[in-house]
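Me: I'd like to learn how to read a model like this one. Can we go through it feature by feature?
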Amino acid sequence: MKTASSAQPLPGDFAIWVFIFAELLVFGVLFSAYALSRMSNAGLFDASQATLNRSYGLVNTLTLVTSSYFVARATRAIRHGRSAACGRWLGGALALGALFLAVKLLEFHDDFSRGITLSTNLFYMFYLSLTFFHFMHVVLGMVILGFVAYRTYAGAYDANRYTGVETGASYWHMVDLVWIILFALIYVLH
Amino acid sequence: MKYSSQKVAMPYFIAALALFFGQIVFGLIAGLQYLDGTFLFPDLPFNVTRMSHTNLLIVWLLMAFMGAAYYIVPEEAQTELYSPKLALVTFWVFLAAAALTLAGYLFVPYSQLAAMTGDAILPTMGRGYLEQPLPTKIGIVLVALSLLFNVTMTLIKGRKTSLNLILIGSLWGLALLFLPAFYFPDDTVKASYGWWWIVHGWVEGDWELILGALLGFILIKMTGVDREIVEKWLYIIIAMTLMTGIIGIGHHYYYIGAPAYWIWLGSIFSALEPIPFLLLVAFAFKMLLQRRREHPNKAAMLWALATPIVAFLGAGLWGFMITLAPVQYYTHGTNFTAAHGHLAFFGAYAMVSLSIISYAMPLLRGREANSPSAQRWEMTGFWIMVFSMIVITLALTGAGIVTAFLQRSGDNPLGFMQVQDKERVFFWIREFAGLGFFSGLLVYLGSFFISGEYDYASEAKQALSA
Amino acid sequence: MSSIENRPAGSVAEPQGFLPKPCTAAWAALIGLALFTYRLGAYGSGRLLMGAALCLTLLKGQLVVDYFMGLRSVRPFWRIAMAAYLIVVGGVIAVAYLSA
Ligand code: HEM
Ligand code: HEM
Ligand SMILES: [Fe+2]
């Protein structure tokens, strides 16, 4: 069983993987641009980073990782044909996604009330645009997951037909994956 | 062709090709004026030649897009067009407006044209591609509204495919993005913002969606691949287009007085803009490999497969070369930009228009495909035009690089006219390649006059005896 | 949910009984590593510390790829592609930070 399974195709629709790899390329370029532009501005980056409230970043990491875990459980449930459980896990994942957005908005609110803008300095330019760009990906991921959850409740998936769940799940895990790197880069490394 | 109302596409396609012909004539004159500054002066000053060339380009592309919409929307919706009569009236209005505007350019000095047409009341004239007088701009909006009304009503009463939604949605986007044409403040920075929302918003945003939808339609029809697969690819391409293209507009904001962060945002995001073009190439060839039938219209297939490739070269590669802020510091507004503009406009939007025309025209004329000899002519025209356009691009790129080095950098930069003199060889090459392009266009247009249709029986016999 | 109910038909690779599911274990590890990375960042700076934080981040990424995305069981090509992605991005970051 184990040997045969090592040649499985990618989970979900292949098209989503084309998208995922394109997205990873985009984020990879963004991360590299951040790191490379820090090279000649390390002092500025570190000083600005120190003004961030890093707990926001931590809470959001825990939220998104857990949400991703819920989605992994949803995939598992549907593979076993338990579509009600799948729907519940997806609902939980969506709720955590909403929590992520709320926390992030709170943090943006903090930033703006401190008078931070894209023009403040190079670090904040990257901080604001990278996290906002990721924010929009959480929104897109939630739209996709919401669609999958809706189809699950409508009974579109079962133990033999679950490609749709895997497709949405794979995208959501990608959103989680890039956040993990983003968190380290923006909130931790200095 | 499945619905008789699709026939209204035909006048649009024919007018598009006629205007294309006009565009190239003005291009050749402009190229000659580069070599001899007094050629046709003062009857036809360079600025008038130039704007006739570029405006004809935009108008024929819009004609082709509209024809494509009138052809595709009923077929996808599986119902007759809501009002073929309105579509036909709209066609004549649009053609008359275009002709009047061109006559205005040619026979009235531009400033006088502005005074005559109310530019003092609501100033809109003078910016590149948007040189049209106010009445023409209003006409464009009305024509667009008529198209949108017609296709949207057709969609409402018919089948709602994703492809149709994408096509009609992006036509709405095209019209909405035109509205900043009426916003021309004195503040040059704000005026530039508004101008780029249209120009960049079209070619690196909305029109890419139209491009995807047209290619998607042609490939569904010609390869027989499931539409679900095509639509999935289209969604990915749309997502990547918007994700990179919207913020990528910053590559026009570097040194115009906009905030400095655009140097970073514009460089990073526009550098990623080639991705959707690359995905278009992958998409087209994946569909080719998965094809379930051999369509007899080989010429249309050639156009459809070459479009994403040349678009990738012109937009993706040539655009990338001038998009990073430190590079554009030297290359901005040189002939390098013109090289990119030519190959991108031709590869993406001219070629996709010629693809849909190549696919649909035989069907509109009552046959699945043209006779093999007509197709051979068409494909010969294709190769001559593509090859000539690549030579034009390379010549302009050479001129642009010379400007960047001699006029924009070094300790003793030369003056503009001195450098132009040194670039004459490139302008000669451009003009000769332009003549090549023109002859390719004639061959292409000639293919429409070769009669006969594709005959399976005789083709099969020939193939067997060979 | 009892573990019997969760067992996929015919699978022998699934841990059973009191052992957590692989994705649950991965989740616990991810939470622990996130907290730890966060502490490292708060603790101070220095190349060693930051190098550790970066490595832990890449490890977290690999856990997501293997156990959430489920790439553990697909063709090696895709697993190598993903691992290569993490290594390249991590490498660029490392080089940039070391030469800052
Ligand atoms: C089919 C798509 C495209 C078309 C038709 C197109 C066309 C054009 C045209 C006509 C111009 C000149 C505008 C002017 O009058 O100043 C221009 C400028 C420019 N384009 Fe594109 N373009 C396309 C895609 C791209 C892409 C994908 C990129 C980036 C990778 C790009 C980068 C640029 C840049 C940086 C400029 C400004 C150059 C300068 O400042 O001189 N373009 N484009
Ligand atoms: C016979 C072939 C052609 C010749 C000789 C030609 C020549 C020219 C010339 C001389 C200009 C003015 C450049 C300047 O202002 O310095 C120009 C601009 C332009 N042409 Fe053409 N052209 C040809 C074909 C085309 C085609 C087929 C397209 C697109 C499908 C096209 C699109 C454009 C565009 C977009 C501009 C504005 C470029 C800019 O502002 O950077 N041309 N052309
Ligand atoms: Fe642009």
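Me: Where is His340(B) found?
Reply: His340(B) sits in helix H13 of chain B, residues 335-364. Helices (H or I, at least four residues) and strands (E, at least two) are DSSP runs, numbered from the N terminus. This is a predicted model: local features need pLDDT of at least 70, side-chain atom pairs count only at pLDDT 80 or more, and totals for chains, interfaces and linings use all residues. Residues are numbered from 1 along each chain as its sequence is written, chains are lettered from A and ligands numbered from 1 in the order in which they are written, and side-chain values use heavy atoms, leaving out hydrogens and water.

Me: What is the only protein donor of the iron atom of ligand 1?
Reply: Donors are N, O and S atoms within 2.8 Å of the metal (3.2 Å for Na, K and Ca); water is not among the atoms, so sites may look incomplete. Here the only protein donor is NE2 of His340(B), at 2.0 Å. The iron ion (ligand 3) is 4.4 Å from that iron atom.

Me: Are Glu204(B) and His251(B) buried or exposed?
Reply: Buried means under 20% relative accessible area, exposed over 50%, partly exposed in between (1.4 Å probe, protein chains only). Both Glu204(B) and His251(B) are buried. Across chain B, buried residues make up 60% of the 466.

Me: Why does Thr331(B) count as buried?
Reply: Because its relative accessibility is 7%. Thr331(B) is in helix H12, residues 325-331. Contact means heavy atoms within 4.5 Å. Leaving aside residues up to four places away in sequence, Thr331(B) touches Ile322(B), Phe336(B), Thr337(B) and Arg408(B).

Me: How many helices and strands does chain B have?
Reply: Chain B has 17 helices and zero strands. A compact globule of 466 residues would come near 23 Å, and chain B agrees at 22 Å. Its C-alpha trace spans about 70 × 55 × 45 Å along the principal axes.

Note on methods. The radius of gyration is taken over C-alpha atoms; the globule rule is 2.2 Å times the number of residues to the power 0.38.
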